[in-house]
Amino acid sequence: MRARLSDIALRAGVSEATVSRVLNDKPGVSPDTRETVLAALDALGFERPARLRRRSAGLVGLVVPELNNPIFPEFAQTIESALAQRGYTPVLCTQTPGGVTEDEYVEILLDRQVSGIVFVSGLHADATGDHERYRRLVARELPIVLVNGYVDGLPAPFVSPDEAAAAELAVSYLTSLGHRRIGLISGPDRFLPVRRKIAGYRAAMRTLVGCADHELDGLISLSLFGVEGGEAATHRLLDAGVTGIVCGSDMMALGAIRSARRRGLTVPEDLSVVGYDGSPLMAFTDPPLTTIRQPVEAMAVAAVRALVDEIEGYAAPHSEYLFRPELVVRSSTAIAKTR
């Protein structure tokens, strides 16, 4: 128990004596400090004493597209933790190819009388899709929050990373290393986040490299998200002579590295690769991946706060919260070779 007390105290930034008072439900601890200690207890995976367990304030659906891309488990875990700290019980719904669809999950969640739903990278991210499904949920006064996507005119809170800024940040970093022939690979352009990345990439390449739009057309290669899609998209750009690549996801970046190696090229000596998402696992790839990190924790907290406000009758602003991503420099990028 002493070791656990010390772990909890370190995580919460309080003394072991304070942790002991909280766990034993003793007086002399402020409400804020008590919540901090309990949150640390939850985050470390320790079970609360029975007298300190909160009754669930209700079920909340959490719909994510998949778990193969490590960024989605990170979103799910962070949102689930934030919901639990507010007293809500999350119900995780994961889509798989050929499995339960988003609409089918929504029906299941409605049958379970959830208090609200958080959608992460759902059909709302598809700019060509039918978004009436979300308007129907709003019309029945079910609180929803949509992460990584935006639907114009839909009265709901949206939480997104600044995709355009992410692409600009990646291009700016590569140009600082002397790269001028910089390509972009990403998923299908029917997705709004992809369109925003392309816009940011084009703006940065025009400003920093002086490329005309017709030149940039040959430096953008779109494919399917994932390692295989990244490999296929990179194959086309290597034919175009790029020395640096900005990727639409970390998984696509791994495909870019594989494509380069199959050509006999070395990363980063022959090709610099910048990923996107910032999964912690990317620190352990070969080479460790330079990437643009989504601010997952800040986005998750904002999404949960907006949803809980809606559930509890305090209308959250029906607008899009944009969060600036962060450049994480590792070993997949290097100074461009002089030719």
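Let me start at G230: leaving aside neighbours within four places in sequence, G230 is in contact with I185, L224, M252, G255 and A256, where contact means heavy atoms within 4.5 Å. G230 is in helix α10, which spans residues 227-239. Helices here are DSSP runs of H or I with at least four residues, strands are runs of E with at least two, and both are numbered from the N terminus. At 0% relative accessibility, G230 counts as buried; buried means under 20% relative accessible area, exposed over 50%, and partly exposed in between, with a 1.4 Å probe and protein chains only.

A word on the source. This is a predicted model, in which local features need pLDDT of at least 70 and side-chain atom pairs count only at pLDDT 80 or more, while totals for chains, interfaces and linings use all residues. Residues are numbered from 1 along each chain as its sequence is written, and side-chain values use heavy atoms, with hydrogens and water left out.

Next, the cores. A nonpolar core is a set of buried Ala, Val, Leu, Ile, Met, Phe, Trp, Tyr and Cys residues joined through side-chain atoms within 4.5 Å. The largest one has 39 residues, and I185, Y201, M205, L271 and V273 have the most contacts inside it. At least two residues of this core come from each of α7, β6, α8, α10, β8, α11 and β9. A separate core has 27 residues, among them V64, A82, V118 and F323.

On a 1 Å grid over the protein atoms alone, a cavity is a set of points where a 1.4 Å probe fits but cannot get out; a pocket is an open set with protein on both sides within 12 Å along at least five of seven lines; lining residues have an atom within 4 Å of a point. Points are joined across faces, edges and corners, and a volume is the space filled by probe spheres set on them.

The largest pocket has a volume of about 950 Å³. It is lined by 33 residues, and P65, E66, F72, S121 and F225 are the closest to its centre. α4, α8 and β9 each give two or more residues to that lining, with the largest share, three residues, from α8. By type, the lining has 15 nonpolar, eleven polar and seven charged residues. Ala, Val, Leu, Ile, Met, Phe, Trp, Tyr, Cys and Pro count as nonpolar, Asp, Glu, Lys and Arg as charged, and the others, Gly among them, as polar.

How many cavities of 30 Å³ or more does the structure hold? One, and the largest cavity has a volume of about 40 Å³. Its lining includes A166, K197, C247 and Y276, and divides into seven nonpolar, one polar and one charged.

Last, two buried side chains. T285 is in the loop between β9 and β10 and has a relative accessible area of 18%. Its side chain reaches the backbone oxygen of M282 at 3.2 Å and that of P287 at 2.8 Å. R34, in helix α3, is also buried at 18%, and its side chain reaches the backbone oxygen of K26 at 3.0 Å.

Technical notes:
A polar contact is a pair of N or O atoms within 3.5 Å; within protein, one must be able to donate a hydrogen and the other to accept it, and residues adjacent in sequence count only if both atoms are side-chain atoms.
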